Amino acid sequence: MTPAVRVRSGHGPGGSWEVAVARPHPRLRPGVLGYRGFRLALDRPRRRLEPPIGASTLLLGFEEPLRITRAGRPPATLVSLYSGPATTAAVGEHTGRVSGIEVLLAPWAAFTLLGTPQYELTDRPVDPDDLPHTLGAPGGRWRGVRDLAGALAALSTWERRFALLDDVLGHWSAAGPPSAAPVVRAWTELVRTGGALPVPRLAEEVGWSVRHLENRFREQIGLGPKAAARVLRLQRARRMLAAGHGQAETAAACGFYDQAHLSGEFRAMTGCTPGTFAAAARRPAPADAGGTGGTGSTGSRGAEGPTGGTGGTDGADPAPLLLAPDRSAVFSKTPDPR
């Protein structure tokens, strides 16, 4: 089965870009949420603010590395990377020439794919080939992510690349530890409610104690249910603000105590105020913009974002800081090329 692929591309004074999106094979869903391929050939470096999202990212890079900086951690420079759930923003940078494929995953599916407790991977990008996972097990065709990324880069079309991903991820997922059904159910309920379901009620619905739910969530999601709910509430608030809703309305709809609570959560997890974030999200993209999505997979976004509180590089860097697009729609539409 060849995936249906939607491709957008463009060329402007600042360079060229191409973005291709596809849904994974049905047997991989709902754990594998979407594929996005990208190829950027821009005239200068790009830096981008990546807020926390309710998903994990496996980035298979084809050429130039990315540099990811998060407050309190040393910068990481990687060609391919895995980024699990996070509660703080990161700044990603590249030279302007970068390409690869981003695989967006439900965190519990990443646990199965990588075979690594997810709490070990929160708030930091890692080289997936450094993990003690089952990828590329003896007898397998692909020795690991680096090997797979090279094979993907060598293919001539996005359709062939995504079809190969379907095949390999299917084999790798089958070889990993299964996720607990109550964890999957609890995560699904949190996503469905935008993080509004109280943890005691969530535990009751899946038939576990709160403590047991917290322990299994940390193992297979990376965050406890309370922290995961914070991220999902923030994601819903981002969507509402970007759509033009006011802060007071957004705070009430998303389960914040008041507007001050909303503002505090935005500062803690993005390093900026809701107003600054919403204004940046609504700014139009320039003709040379190319978006890739994913923490660390930083394409250009047509809106300059805030710089405070993210652990970004110093002011000597000539590239402006840009705001990552919201990927909470999980690639359900052809993306805005930002």
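**Figure 1. Arg-146 and Asp-127 joined by a salt bridge.** Asp-127, in contrast, is buried (under 20% by the definition used here, with partly exposed residues in between), since its relative accessibility is 14%. The two side chains meet in a salt bridge with an N to O distance of 3.0 Å; the term requires a side-chain nitrogen of Lys or Arg within 4 Å of a carboxyl oxygen of Asp or Glu. This pair links distant parts of the chain, 19 residues apart: Arg-146 belongs to helix α2 (residues 145–154), and Asp-127 lies in the loop between β11 (125–126) and α2. Helices (H or I, at least four residues) and strands (E, at least two) are DSSP runs, numbered from the N terminus.

**Figure 2. Arg-67 and Glu-93 joined by a salt bridge.** The closest N and O atoms of Arg-67 and Glu-93 are 3.0 Å apart. The pair links distant parts of the chain, with Arg-67 in strand β6 (residues 66–70) and Glu-93 in strand β9 (residues 90–94), 26 residues apart. Arg-67 is partly exposed, with a relative accessible area of 31%, whereas Glu-93 is buried at 9%. Salt bridges with shared partners join Arg-47, Arg-67 and Glu-93 into one network.

**Figure 3. Arg-48 and Glu-50 joined by a salt bridge.** The closest N and O atoms of this pair are 2.7 Å apart. Both partners are buried: Arg-48 has a relative accessibility of 0%, and Glu-50 has one of 1%. By the rule for salt bridges, the count comes to ten.

**Figure 4. Cysteines Cys-254 and Cys-272.** Cys-254 is buried, with a relative accessibility of 1%. Cys-272 is also buried, with a relative accessible area of 3%. A disulfide is a covalent bond between the sulfur atoms of two cysteines. The search applied here counts a pair of cysteine sulfur atoms within 2.5 Å, and across the whole structure it finds zero disulfides.

**Notes to the figures.** Residues are numbered from 1 along each chain as its sequence is written, and side-chain values use heavy atoms, with hydrogens and water left out. As the model is predicted, local features need pLDDT of at least 70 and side-chain atom pairs count only at pLDDT 80 or more, while totals for chains, interfaces and linings use all residues.

Methods. Buried means under 20% relative accessible area, exposed over 50%, partly exposed in between (1.4 Å probe, protein chains only).
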